[in-house]
Amino acid sequence: PALGAIGKEKQATLTTVIAAVFQIASMALLLMIQSISLKTLAISCGMAECVLLISRYYYYRKNISLFK
């Protein structure tokens with residue numbers, strides 16, 4: 001929401017797509033190695049959320065002057 005509020009919708013969407021691609025890739029990897037369990041799915045989702053957090057934090061820091 002913070003990036004959208006300063007007119008950076010493109011970056012907000014990009015970070016969401018990056019996290020989604022990461023999550024799809026990790027799910028595909030789990031399928032390939034036949035290691036799907038509640039624990040591995042939770043770890044995969046948590047890692048995707050970390051990717052989202054880090055990428056959005058990067059754009060926040062890059063545009064911090066627009067928040068003042």
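**Exercise 1. In which helix do Tyr 57 and Tyr 60 both lie, and how many residues apart are they?**

This is a predicted model, where local features need pLDDT of at least 70, side-chain atom pairs count only at pLDDT 80 or more, and totals for chains, interfaces and linings use all residues. Residues are numbered from 1 along each chain as its sequence is written, and side-chain values use heavy atoms, with hydrogens and water left out.

Step 1. Find the helix. Both tyrosines, Tyr 57 and Tyr 60, sit in H3, which covers residues 38–62. Helices are DSSP runs of H or I with at least four residues, strands are runs of E with at least two, and both are numbered from the N terminus.

Step 2. Take the spacing. Tyr 57 and Tyr 60 are 3 residues apart, about one turn of the helix.

**Exercise 2. Work out how the rings of Tyr 57, Tyr 60 and Phe 67 are arranged.**

Step 1. Apply the ring rule. Rings of Phe, Tyr and Trp (its six-membered ring) pair if their centres lie within 6.5 Å; planes under 30 degrees apart are stacked, over 60 edge-to-face, and the rest tilted.

Step 2. Count. The structure holds 3 aromatic pairs. For Tyr 57 and Tyr 60, the ring centres are 5.9 Å apart and the planes stand at 35°, so this pair is tilted.

Step 3. Move on to Phe 67. Tyr 60 and Phe 67 have ring centres 5.1 Å apart and planes at 55°, so they are tilted.

Step 4. Join them. Tyr 57, Tyr 60 and Phe 67 form one aromatic cluster.

**Exercise 3. Sort Tyr 57, Tyr 60, Phe 67, Leu 66 and Asn 63: buried or partly exposed?**

Step 1. Set the limits. Buried means under 20% relative accessible area, exposed over 50%, and partly exposed in between (1.4 Å probe, protein chains only).

Step 2. Read the values. Tyr 57 is partly exposed at 48%. Tyr 60 is partly exposed at 32%. Phe 67 is partly exposed at 33%. Leu 66, in the segment after H3, is partly exposed at 45%.

Step 3. Turn to Asn 63. Asn 63 also lies in the segment after H3. Its relative accessible area is 12%, so Asn 63 is buried. Beyond neighbours within four places in sequence, Asn 63 is in contact (heavy atoms within 4.5 Å) with Ile 6 and Lys 8.
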